[in-house]
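Please look at the salt bridges in this model. Which residues do they join, and where do those residues lie?

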Amino acid sequence: MSSPIQKVAFAGATGSLGQPILHQLLSAGFTITALSRTANPTNLPSSVKIAQVDYNDPSSLQSALTGQDALISTLGSAGIKSQIALTDAAISAGVRRIIPSEFGCDNDLPRNRTLPAYKPKIEVQDYIIQKTKGTRTSYTFVYNNAFLDWGLKPPGFLMNVAGKSADLYDGGDIVFTATPLEMIGRGVVGVLRNPEETANRSVRVHGAGVTMKQILALAQKYTGGEEDWTVKEVDCGAMEEKAYGVLKTEPGNVMAWIVPMIRRAAFGKDVGNDFTHNNDNAVLGVKELRKKELEEIVKAACS
């Protein structure tokens, strides 16, 4: 059995997802080095080491990753392709585990792998799988479908609670997985604590199986009722068809085609977005949210 993973390099530690994952890693006792383009990034605890890197300089990345057991990335869309250079450097430095910036819908599904919205992530996945073959470096892809708590905050990817606006996708009765950020962090901890069980595969973190109507009912409960809410039905097939049209005519208008494609993957019917019976919670040491916990998260978003 190999020695436990202890030293973790983290790209994207100051972001919306990076912060809660970082908190869980520190609480679990991991030694964290944040990779940063600047010498003094904000919003990092004093216990976190800083390694200033140049993503265009392989030697800079390899130097920062030397001696690290694992590399975690929560880089956003603008930084997804930087993970190619990170992968090369991690392999050269002998990093044992790479967890790239997935943290969304199940990109093992053939349908999702063909979506233009996910093309950059799929290219990174394929690169990691190919480049780690025959090396001491392994990988884990973490899926959690929709962000629960973050998705209720402005601009409201899941639901615009602040603006009292809700879209009911495909009728609003479709069960999909929604996972709070801190649970995703605990799932990442579970990956690192169970390296053999999670090596070279995907894992699914399941927060709760919910419907849009259930979330809406809770949101209305804590915002004074149905008054002033704007609720509309959205056909996901038509929404995605329109998105492909925008991609064809206005490819530079990325938010107008990427967001609808991701929303269908996360909330639509018959697209594999319910992890209730297909998850790795037991391996990762996380438990599905109880109804009261789900309600408290929605309540907090409404306050």
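This report covers salt bridges in a predicted model.

The structure holds 11 salt bridges.

| Residue | Partner | N to O distance |
|---|---|---|
| Glu-240 | Arg-111 | 2.4 Å |
| Asp-126 | Arg-113 | 2.8 Å |
| Lys-213 | Asp-173 | 3.3 Å |

Glu-240 and Arg-111 are joined through their side chains. Arg-111, with a relative accessible area of 26%, is partly exposed.

Asp-126 and Arg-113 form a salt bridge. Asp-126 is in helix 5 (residues 119-132), while Arg-113 is in helix 4; the two are 13 residues apart. Asp-126 counts as partly exposed at 39% relative accessibility. Arg-113 is also partly exposed, with a relative accessible area of 28%.

The side chains of Lys-213 and Asp-173 meet in another salt bridge. Lys-213 is found in helix 7 (residues 212-221), and Asp-173 sits in the loop between strand 8 (165-169) and strand 9 (176-179), so the pair ties together parts that are 40 residues apart in sequence. Lys-213 counts as partly exposed, at 37% relative accessibility.

Salt bridges can also share partners: in this way Asp-106, Asp-108 and Arg-204 are joined into one network.

Note on methods. Residues numbered from 1 in each chain as written. Predicted model: local features only at pLDDT ≥ 70, side-chain atom pairs only at ≥ 80, totals over all residues. Heavy atoms only, no water. Salt bridge = Lys/Arg side-chain N within 4 Å of Asp/Glu carboxyl O. Buried < 20%, exposed > 50% of the residue type's maximum accessible area, 1.4 Å probe, protein only. Helix = DSSP H or I, 4+ residues; strand = E, 2+ residues; numbered from the N terminus.
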